[in-house]
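Look at the structure first, then work through the points by topic.

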Amino acid sequence: MPKRKPLRIKNYDYNTPDACFITFCTHNRKNTLAKLVGAIHESPEMQLTEEGRIVDPIINSISERIPGAIDRYVIMPNHVHLLIRLYGDCKGAEKSASDENRRSFLSKVVGYIKMNASKEIRKRNRNTEVWRRGYHDHVIRNQQDYDMIYKYIVNNPKQWELDRLYSIE
């Protein structure tokens, strides 16, 4: 099998207190979490499906479990965007002293969401594959970067509809 390309920044300590933009997708990018309601000119919103309503409170509970906060998030039909800010010391996320076996705090956050949502969703539909493997992250570099990503998350539902309307099929 071909070797996977690393998705993380080499030599960056993902346990440092920073803000990060995280995206993770549903299995085969199926539109299972939400659907868009409202016209573009009316500020459309995502209406959560049963699966999306399972994911939502799990995301909201993260701030109780970590030294940080979810500043903004959106559950889209086939993916989730999180803007997360970590505070203080997140070194407790390390699995071992070895860099190879170390699991970042962000990885634990995403794993917590995926694992708990999968458990609940599979109670209703036993053999469902819920999530695509892995996640994408972007370390926020400055306030301008933060503001741009915050705005991107806010506008993502409207952009979803625009992309759908103007895609060539």
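Phe-24 and Trp-131 are both buried in this predicted model. Their rings form one of the aromatic pairs, and the structure holds three such pairs. The ring centres of Phe-24 and Trp-131 lie 5.2 Å apart with planes at 70°, so this pair is edge-to-face.

**The Phe-24/Trp-131 pair**

- Phe-24 sits in strand S1, and Trp-131 sits in the loop between H2 and strand S6 (136-139).
- The two residues are 107 residues apart, and their pair links distant parts of the chain.
- The angle decides the label: planes over 60 degrees apart count as edge-to-face, and the planes of Phe-24 and Trp-131 are at 70°.

**Nonpolar cores**

- The largest nonpolar core has 27 residues.
- Which residues have the most contacts inside it? They are Phe-24, Ile-84 and Ile-113.
- Strand S1 (19-25), strand S4 (68-75), strand S5 (79-86), H1 and helix H2 (105-124) each give two or more residues to this core.
- H2 gives the most, with seven residues.
- A second core is separate and has eleven residues, among them Ala-19, Ala-34, Tyr-146 and Ile-153.

**Ile-113**

- Setting aside residues up to four places away in sequence, Ile-113 touches Phe-24, Val-55, Ile-58, Ile-59, Ile-62 and Leu-82.
- Phe-24 is thus a partner of Ile-113 and also of Trp-131, through the ring pair.

**Val-55**

- Val-55 belongs to helix H1 (residues 50-65).
- Is Val-55 buried or exposed? Its relative accessible area is 0%, so Val-55 is buried; the cut-off for buried is under 20%.
- Beyond neighbours within four places in sequence, Val-55 is in contact with Leu-33, Ile-75, Ile-113, Ala-117 and Trp-131.
- Leu-33 and Val-55 are 22 residues apart in sequence, and their C-alpha atoms are 8.2 Å apart in space.

**Whole chain**

- The protein chain has three helices and six strands.
- Along the sequence, these elements follow the pattern β-β-β-α-β-β-α-β-α.
- The protein chain has 169 residues, and 40% of them count as buried.
- Among contacts with a separation of 6 or more, 65% come from residues 24 or more positions apart.
- The protein chain exposes about 10900 Å², and carbon and sulfur atoms supply 48% of that area.

Notes
Residues numbered from 1 in each chain as written. Predicted model: local features only at pLDDT ≥ 70, side-chain atom pairs only at ≥ 80, totals over all residues. Heavy atoms only, no water. Helix = DSSP H or I, 4+ residues; strand = E, 2+ residues; numbered from the N terminus. Buried < 20%, exposed > 50% of the residue type's maximum accessible area, 1.4 Å probe, protein only. Contact = heavy atoms within 4.5 Å. Core = buried A, V, L, I, M, F, W, Y, C linked by side-chain atoms within 4.5 Å. Phe/Tyr/Trp six-rings, centres within 6.5 Å; stacked < 30°, edge-to-face > 60°. Areas by Shrake-Rupley, 256 points an atom, 1.4 Å probe, with all protein chains shown as cover.
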